[in-house]
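Opening the notebook on a new chain today.

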Amino acid sequence: MAEQTQGTIDRHDHHDLAPSRELARELDATDPLADYASCFERAEGVLAYFDGNSLGRPVAGTADAMAQFVRHDWGSTLIRSWDAAWMGWPEETGDLLGAAALGAAAGQTVVADSTTVLLYKVLRALVDHQLAVDPGRTELVLDTDNFPTDRYVAEGVAAERGLQLRWIDVDTAAGVTVDQVAEVVGPRTGVVLLSHVAYRSGWLADAGAITRVVHEAGGMVLWDTCHSAGSVPIRADDWGWDAAVGCSYKYLNGGPGAPAHAYLARRHHDIPTLRQPIQGWMGRRDPFLMESGYVPAHGIRALVSGTPPVVGMVPLRLALRMLAEAGIEAVRTKSLALTDFAARVVAAWPDELGVTLASPADDDRRGGHLTLRHPDFEQVNARLWARGVIPDFRAPDGLRLGLAPLSTTFVEVWDGLLAVREELERG
């Protein structure tokens, strides 16, 4: 891993300077996390990678770790590895993730399944609990710009349990506010499902205040951490979160198809009315007794269903140790510096280019990525990929810049955005 240097990036020292490649070099030179960029596999022919919010780069050494796993843990130790280590990996890896990315004490986070499956399991458990405690809590609250999986899973759970979906209509260049939540929650609110960072705009919700508002109304909150875990500090315990679910292949660098994570606050463990619906043998108490009837395991293990995705945890565990070493607060400082620099670069472009910023300007409300808008971005994105600059496009006109702090440099941001400008001017 990289050796950390002292200090932090002071964006204000450079804020009066016009953005330039020279300024980008200066920012890289004073970046205490700069060495981490060399701790990732580099892609041949890629000038700028702006898709860390969709798929993070692999940590250097992942291939060796996978080879060691195949040859030794699996190839030589064989099935004995289940007793030696693997059986406890869902909770052990969950504790690593919870400490590094979620602000969660041990025993409240588990790694298993895909995001969609875990989201269904946790949402259904919270909904069922609320209905058992108060049958009148039949409203499931979510916003119109939440990620499609969240909306689809919510629609399915609502259909299964006879719930009414209560939609918050949000600005797609921003996100859900405390006031909007306060307007819709009440005695019929069962569960509120929101993204901590909006996938489209990068809006960072005030998760602590929103959670308090929902709790005051008697509801529970399930937070989607897909675009926040590993990018912005989360204090799930301090903020009184009920539950959270997120993927591990974006800022957590677990690789394509990496198993997702779920957080369930300790106060909700072992409650008879709060049980996830997919009752598999690996989530049963004493699974190898093979007894009749399902009795859930104690604690966070109850969220496990089938055989843990052990192979998928190998690269994730490597990346989580790197994140823990760097520290999420330092990651956030650099993230803000990167997005601030990128926004300033774009703001300096001629108005005639017609590019607008569809992300929050306020540091307190901006997550780890920016979205730019222009009617030609779908075609521009394809040309950018061909020249080794890789953002992603979101319909109808959004170009997302996912600037992963540990693997992205300021010079990379400058060079990539210069290519964006050149392609727009060509068009």
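Predicted model: local features only at pLDDT ≥ 70, side-chain atom pairs only at ≥ 80, totals over all residues.

**Entry 1: the whole chain**

I started with the surface: the protein chain exposes about 17300 Å² of accessible area, and carbon and sulfur atoms own 53% of that.

Next I looked up burial, and 58% of the 427 residues count as buried.

I went through the secondary structure and got 13 helices and 13 strands for the protein chain. The radius of gyration is 22 Å, close to the 22 Å from the globule rule for 427 residues, so the chain is as compact as a globular protein of that length. Along the principal axes, the C-alpha atoms fill a box of roughly 65 × 60 × 40 Å.

**Entry 2: charges**

Side chains of opposite charge can pair when their charged atoms come close. I then looked up the salt bridges, and the structure holds 25.

**Entry 3: aspartate 397 and arginine 373**

These two side chains form a salt bridge, at 3.3 Å from N to O. The partners come from distant parts of the chain, 24 residues apart: arginine 373 belongs to strand E10 (residues 369–373), while aspartate 397 is in the loop between strand E12 (392–394) and strand E13 (398–402).

Buried or partly exposed, I asked of aspartate 397? Its relative accessibility is 18%, under the 20% cut-off, so aspartate 397 counts as buried. Arginine 373 has 30% and counts as partly exposed.

**Entry 4: arginine 387 and glutamate 423**

Here the closest N and O atoms of the salt bridge are 2.9 Å apart.

I compared the accessibilities. Glutamate 423 is at 2%, so I log it as buried. Arginine 387 is at 34%, so that one goes down as partly exposed.

**Entry 5: glutamate 425 and arginine 421**

I stayed in helix H13 for this one. Glutamate 425 and arginine 421 form a salt bridge, their closest N and O atoms being 2.9 Å apart. Why are they about one helical turn apart? Because they sit four residues apart in helix H13.

Glutamate 425 has 47% relative accessibility and counts as partly exposed. Arginine 421, at 26%, counts as partly exposed too.

**Entry 6: valine 178**

Last stop was valine 178, which lies in helix H8 (residues 178–184). At 25% relative accessibility, valine 178 counts as partly exposed.

What does valine 178 touch, leaving out residues up to four places away in sequence? I listed Asp206, Ala209, Ile210 and Val213. For valine 213 I also looked up the separation: 35 residues from valine 178 in sequence, and 7.6 Å in space from C-alpha to C-alpha.

Key: Residues numbered from 1 in each chain as written. Heavy atoms only, no water. Helix = DSSP H or I, 4+ residues; strand = E, 2+ residues; numbered from the N terminus. Rg over C-alpha atoms; globule rule 2.2 N^0.38 Å. Buried < 20%, exposed > 50% of the residue type's maximum accessible area, 1.4 Å probe, protein only. Areas by Shrake-Rupley, 256 points an atom, 1.4 Å probe, with all protein chains shown as cover. Salt bridge = Lys/Arg side-chain N within 4 Å of Asp/Glu carboxyl O. Contact = heavy atoms within 4.5 Å.
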